[in-house]
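We will go from stop to stop, picking residues and looking at what surrounds them.

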Amino acid sequence: MEPSPTPGQSETTRLVSPRDRGGAGALRLKSLFTEPSEPLPDGPKPEGMANHRCHRNPLPQSGLTPERQHARKQLYAASAVCILFMTGEVVGGYMAHSLAIMSDAAHLLADVASMLGSLFSLWLSTRPATRTMTYGWHRSETLGALASVFSLWLVTGVLLYLAFVRLLHSDYHIEGNAMLLTASVAVCANLIMAFVLHQATPHHSHGPRGAGYAPLEEGSADPSSLGRNTSVRAAFVHVLGDLLQSLGVLAAAILIYFKPQYKAADPISTFFFSVCALGSTTPTLRDVLHILMEGAPRCIGFEPVRDALLSVPGVRATHELRLWALTLSYHIATAHLAIDSTADPEAVLAEASSRLYSRFGFSSCTLQVEQYHPSMDHCLRCQEPRA
């Protein structure tokens, strides 16, 4: 018969049969993280019970983390600049009869759509977890970044087609003065947006589950990569692609201004820099696919985490170690710890959790403690994954 949990505890300790490991009747001790469906009454804490991090540093009840609040401010400012200068480019491109200018305005329109989508995903990610969405809505920002990439691909495809048509038919006229002025303004607009989105995100929320948690040990990860919000990063890459195109359009405008007979520079610049814009989406797309495929955090290695767990006094072996990135900055770890029969499971659990949080900055850790048995060395499920 299983003992009932002590009131106020966040963990439950029970004895189970080791059938899944092929043991010979030995009993195994498991310690599982659990959260009761209803709040437990406050009661006296048993002497020697580990004071776990989830109670020392509770999650905020609602609202954005400081990192995401900063991301939202960046996106609001960049969206305002983008809408203002996009309107100017539409007017200027129409007056200049320039496909390159209109294509730059179309890219700005895609920027506005992607940033508004990112703002929506940031709001959506603040919704609390439910029984069907147990990790909450954190990955909505990853989906927003993916939508941003796809929108750029769609707009670029249309512009490439129009540029090809212009190269085949030369029945168009370019107003050099209007094109030069509009292209110069577009470059300034993209520089301003890139500056706004590239501002470093302040590192806050150094608790165990903060979305912007930075590792404490040197060399374990790159703090700047952890602090950059996925949506802001996607928007920044988007703007960099637009900046490249704006520079190309400016060069074409200067050429057409002084040499009107070289008006083919307009569709040629559209064609060339649209391809460059497509290439600029590769890093964001790679990270998004890595996250959606449940990949391990790029800044955290499997071996260092395993070695940190094995170095905990009393731990004989680890198995079923799982690391994955829910987002670029929200990392999760789960593992089974096989301990000596003389080890204190509460002490092992507290020490192992502390090392994962403090050394690697995991946002969530779930560890299961069980008694070591020699049969684990030959169990196929207990073997480490391939490199």
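The tour below starts with model confidence, then visits a loop serine, a pair of strands and several salt bridges.

**Before you start**

You are looking at a predicted model, in which local features need pLDDT of at least 70, side-chain atom pairs count only at pLDDT 80 or more, and totals for chains, interfaces and linings use all residues. Residues are numbered from 1 along each chain as its sequence is written, and side-chain values use heavy atoms, with hydrogens and water left out.

**Stop 1: colour by confidence**

Colour the chain by pLDDT, the predictor's confidence in each residue, from 0 to 100. The chain's mean is 74, and 74% of its residues reach 70 or more. Now select residues 1-50: the pLDDT here is below 50, and the stretch has 82 contacts in the model beyond near neighbours in sequence (a contact means heavy atoms within 4.5 Å). Residues 201-227 also have pLDDT below 50, with 61 contacts beyond near neighbours in sequence.

**Stop 2: Ser98**

Select Ser98, in the loop between helix H2 (66-96) and helix H3 (99-124). Helices (H or I, at least four residues) and strands (E, at least two) are DSSP runs, numbered from the N terminus. Is Ser98 buried or exposed? Ser98 has a relative accessible area of 1%, so it is buried; the classes are buried under 20%, exposed over 50% and partly exposed in between, with a 1.4 Å probe and protein chains only.

Show the surroundings next. Leaving aside residues up to four places away in sequence, Ser98 touches Gly93, Arg166, Ile174, Met179 and Asp266. Draw a distance as well: the side chain of Ser98 reaches the backbone nitrogen of Ala100 at 3.4 Å.

**Stop 3: strands E4 and E5**

Switch to cartoon and select residues 331-339 (E4) together with E5; the two strands run parallel and are joined by 8 bridges. Strands pair if DSSP finds at least two bridges between them. Which residue of E5 stands opposite Ile332? Look for Ser364.

Follow the chain from E4 through helix H11 (residues 345-360) to E5 and you trace a right-handed β-α-β crossover: with the strands pointing away from the viewer, the path from the first strand over the helix to the second runs clockwise. In E5 (residues 364-371), 6 of the 8 residues are buried, so the strand is largely enclosed by the rest of the structure.

**Stop 4: salt bridges**

How many salt bridges does a search of the whole structure find? There are 7, each a side-chain nitrogen of Lys or Arg within 4 Å of a carboxyl oxygen of Asp or Glu.

- Select Asp287 and Arg298, whose side chains meet at 3.3 Å, N to O. Asp287 sits in helix H9 (residues 282-292) and Arg298 in the loop between H9 and helix H10 (302-310), 11 residues apart. Asp287 is buried at 8% relative accessibility, whereas Arg298 is exposed at 53%.
- Select Asp340 and Arg316, a salt bridge at 3.1 Å, N to O. Asp340 lies in the loop between E4 and H11 and Arg316 in strand E3 (residues 315-325), so the pair ties together parts 24 residues apart in sequence. Asp340, at 25%, is partly exposed, and so is Arg316, at 46%.
- Finish with the network in which salt bridges with shared partners join Arg306, Asp307 and Glu384. Within it, Asp307 and Arg306 meet at 3.2 Å, N to O; Asp307 is partly exposed at 40%, while Arg306 is buried at 17%.

Definitions and conventions
Polar contact = N/O pair within 3.5 Å; in protein donor to acceptor, adjacent residues only side chain to side chain.
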